[in-house]
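Below is a walk through one protein chain, from its overall build down to single residues. Please keep the sequence and the model in view while reading.

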Amino acid sequence: MSINSLTKQSDLQIKSKFKPAWWLKNRHLQTIVPRLYPVPCDFRVWHNQFDLSDGDFVEISWSRHTNDIEPEQPIVLVLHGLEGSIDSFYAKRMMNALYNNKWTSVLMHFRGCGNQTNRKAQTYHSGQTTDVAEFIQYLKQRFPNNPIYAVGFSLGGNVLTKYVGENENSHLEGAVVISAPLDLAICADAIGHGFATVYEKYLVDKLVNSTCKKIDYLQDSFPIKLKIDDVKNIKTLVEFDEKITAPLNGFESGQDYYQKASGNQFLKSCQTPTLIIHAEDDPFMTKEVIPTTDMLSDYVTLEVSHHGGHVGFLAGNNPFNPEFWAETRTVEFIQSLIATPK
């Protein structure tokens, strides 16, 4: 089967094979409980710094030293979620699953999400694809014979969706998008209601803390004239995006940012085989975020499950040894692309 015949079949939403663990069907438990399990790491993490063209940098974490990457061995780029890092349970677990499949994985920390304070005031956000584009270009030049894939979680999934939609030649053989906020306005509103406000407070507190550190680091060169106390008084994601994300990154307003950065609008132009994994009960958003089939290009497979929470997808019958299904499905999808003749 050719890649064209494969992708021509994937323009419709497919029913997910994911079945939640019998003891974990609640969407909040699916979101929270996976974070409580020990995170395996069978590889030694190698860190380095990647310098960007604007004078800033991002921190990189590899599952093996670059000198040990074998010719033609698949390389999988991992993009974390909002305020995530190599230490996020889902990121390290995914890297471990990829490593145990004898592939190399590499996580690119978005600006400000590593251990060092960035030089520039510009931040990462859901639509910031230029850093990803630069790093993928580097990977392609450094490892010209290695197929490159990418996996994006949550915010990183939206970034990945926008990237593959913007670039006719993405230099990626395939992409997997997990629990992405593909309509940012809907998501920013949804996370501000009900129990989801617990997640919002956790994320906003981290964003506020990072911003205060950046202001303290840049002092008078920080382009927004806000006092530390003003930043600390921000309580919602909508307010943070209006006062911080938008002006720091050249958007007219928070709504302008949401409109221009939402991944849904880029799906129709995607020419990279892409799997979108999403749960209808994701507490970070509503069902309206899920794209309709007419929004998808022939290269996009949309796989929606009734349950799964946000970056959860815990399956299996044994509470002491559950299956992290998103890892299983990601490896399966990449394997299917590798096995498909070009």
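The model is predicted. Its chain has 11 helices and 11 strands. The radius of gyration is 19 Å, close to the 20 Å that the globule rule gives for 342 residues, so the chain is as compact as a globular protein of that length. Taken along the principal axes, the box filled by the C-alpha atoms is roughly 60 × 45 × 40 Å.

How much of the chain is buried? Of the 342 residues, 56% are buried. Contacts can also be sorted by how far apart the partners lie in sequence. Among contacts in the chain with a separation of 6 or more, 77% join residues 24 or more positions apart.

The surface and the charges come next. The accessible surface of the chain is about 15200 Å², and carbon and sulfur atoms make up 50% of that area. There are 32 positive and 39 negative side chains in the chain. The centres of these two sets are 4 Å apart.

Helix α10 spans residues 254-261, and its buried residues are Gly 254, Asp 256, Tyr 257, Tyr 258 and Ala 261.

The cysteines can be considered next. A disulfide is a covalent bond between the sulfur atoms of two cysteines. The structure holds zero disulfides. A disulfide requires two cysteine sulfur atoms within 2.5 Å. Cys 187 is buried, with a relative accessible area of 7%. For Cys 270, the closest cysteine sulfur is in Cys 187, at 19 Å, so that pair is also too far for a bond. Cys 270 is buried as well, at a relative accessible area of 2%.

Glu 83 is not a glycine, yet its phi is positive, at about 60 degrees. Glu 83 sits in the loop between β4 (75-79) and α3 (89-100). With a relative accessibility of 0%, Ser 179 counts as buried.

The last stop is Arg 119, in the loop between β5 (104-108) and α4 (130-142). Arg 119 counts as partly exposed, because its relative accessibility is 40%, between the cut-offs of 20% and 50%. Which residues does Arg 119 contact, leaving aside its neighbours within four places in sequence? Arg 119 is in contact with Gln 49, Asp 51, Gly 55, Asp 56, Phe 57, Tyr 217 and Leu 218. Ile 334 lies 215 residues from Arg 119 along the chain, and the C-alpha atoms of these two residues are separated by 36 Å.

Notes: Residues are numbered from 1 along each chain as its sequence is written. This is a predicted model: local features need pLDDT of at least 70, side-chain atom pairs count only at pLDDT 80 or more; totals for chains, interfaces and linings use all residues. Side-chain values use heavy atoms; hydrogens and water are left out. Buried means under 20% relative accessible area, exposed over 50%, partly exposed in between (1.4 Å probe, protein chains only). Helices (H or I, at least four residues) and strands (E, at least two) are DSSP runs, numbered from the N terminus. The radius of gyration is taken over C-alpha atoms; the globule rule is 2.2 Å times the number of residues to the power 0.38. Contact means heavy atoms within 4.5 Å. Accessible areas come from the Shrake-Rupley method with a 1.4 Å probe; for residues, only the protein chains shown count as cover. Lys and Arg count as positive and Asp and Glu as negative; His and the chain ends are not counted. The place of a charge is taken as NZ of Lys, CZ of Arg, CG of Asp or CD of Glu.
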